[in-house]
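This report describes selected features of the structure shown below.

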Amino acid sequence: MQASNDTKVAPEALISKFEISRLLRQDQSGRRIALLGTIEGKQGILIAERAAFATESLEVLRAFHSAITRVNNLGDNDIYRWYLASSGVDSEGHQSADLKLNLIWPCTEQHIKKYSDQVLRMVTETPEIYRDYIRPYMSAKREEGRLNWVFNILEGRTEQEDVILRDQGHGPEDGFLMLPDLNWDRKTMGSLHLLALVQRRDIWSLRDLKKKHIPWLKYLRQRLLEGTVNMYPDLDQDQLKLYVHYQPTYYHFHVHIVNVMLEAGATQATGKAFGLENLISQLETISGDEEASMADVSLSYFLGEASELWTNTYEPLKRGVKPLQN
């Protein structure tokens, strides 16, 4: 039997009739939620997603900037600063901290390239390419002073109130510390993102990892897992994912610790993120003595076309031209 038209509820009216029972899921880095509830005694699911930022004109972007209020600084280090802020008012006229802001100032041309839309390319870095072109590039970048913010943390000058775990290990080269990543809002467990910085300065990237580092890497992994669940007891160790980037944004070895439920964006994608457990396993099975390293294998990863590594190294190699020396 068909329901009569006079008893049919208008679609727009259903939203106000929805009575929330509980949160089912939060994803898209907190931008989408799925809610369980009822309408007139029958269960339903309401999926809400924040609209994308309006970007159709410079005037619209300026209007967005003008609407930012109640800016609260969460921390700063060298050229990096991060905040919570409000972009407007809620239904009751209250301003809520619905914006997570990161400010890089003054920024470099490399920062501009990193955060610009660009075509991606998959490249394969052989041990020879790493030795002849990539390692010299890493050395040049380290000498430019772009690690000041890392050393500020390690040497106790900034962000010490944010340090979750500081471990001296079994010797002067074993130490590390862990703190929230600047992209995390520090409250949403589903998007938890922590960062572990090692004290030692001889490991610039995963390329410097050797068979002799296996015990240290296993100790590092276990302590990071333990430290995270001790700080956030609602999480278990098997709800955490540990990985390193290659190419990393900066050349000082560090490990990312995230909730395994965190929606994987580009920074966790294949060709960017390398699981710490898989790196340990690869080192265990690689042939050679204790000095055998990740510098001895080929690695495939993606680069943006605006990256200096693409323009100066891989694009010339693709054309059969000798790359520029860094």
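## Terms and basis

A polar contact is a pair of N or O atoms within 3.5 Å; within protein, one atom of the pair must be able to donate a hydrogen and the other to accept it. The model discussed here is predicted.

## The annotated residue H254

An unreviewed UniProt entry lists H254 under "active site"; such annotations may be inferred rather than shown by experiment. H254 lies in strand β12, which covers residues 254-259. Because buried denotes a relative accessible area under 20%, H254 belongs to that class at 6% relative accessibility.

The side chain of H254 makes a polar contact of 3.5 Å with the side chain of Y250. When neighbours within four places in sequence are set aside, the residues in contact with H254 are L195, A196, L197, V244 and P248.

## The loop residue S191

S191 is located in the loop that connects β9 (176-180) with β10 (193-198). With a relative accessibility of 15%, S191 is also under the 20% limit and therefore counts as buried.

Apart from residues up to four places away in sequence, S191 touches W184, D185 and L262. M261 lies 70 residues from S191 along the chain, yet the C-alpha atoms of S191 and M261 are separated by 7.4 Å.

## The sheet β4-β5-β6

Three strands form an open sheet in the order β4-β5-β6, and their pairing is antiparallel. From one strand to the next, the twist averages 25°.

Strand β5 comprises residues 80-86 and pairs with β6 in the antiparallel sense through six bridges. The antiparallel pairing of β4 with β5 likewise involves six bridges. β4 and β5 form a hairpin with two residues between them, and D78 in this turn has a positive phi of about 55°.

## Y83 across the sheet

Which residue of β6 stands opposite Y83? The residue is L101. Y83 of β5 is also the bridge partner of N73. In a regular strand, side chains alternate between the two faces of the sheet.

Notes
Residues numbered from 1 in each chain as written. Predicted model: local features only at pLDDT ≥ 70, side-chain atom pairs only at ≥ 80, totals over all residues. Heavy atoms only, no water. Pairing = 2+ DSSP bridges. Helix = DSSP H or I, 4+ residues; strand = E, 2+ residues; numbered from the N terminus. Axes fitted to C-alpha atoms, helices over the stretch in contact; angles between N-to-C directions. Buried < 20%, exposed > 50% of the residue type's maximum accessible area, 1.4 Å probe, protein only. Contact = heavy atoms within 4.5 Å.
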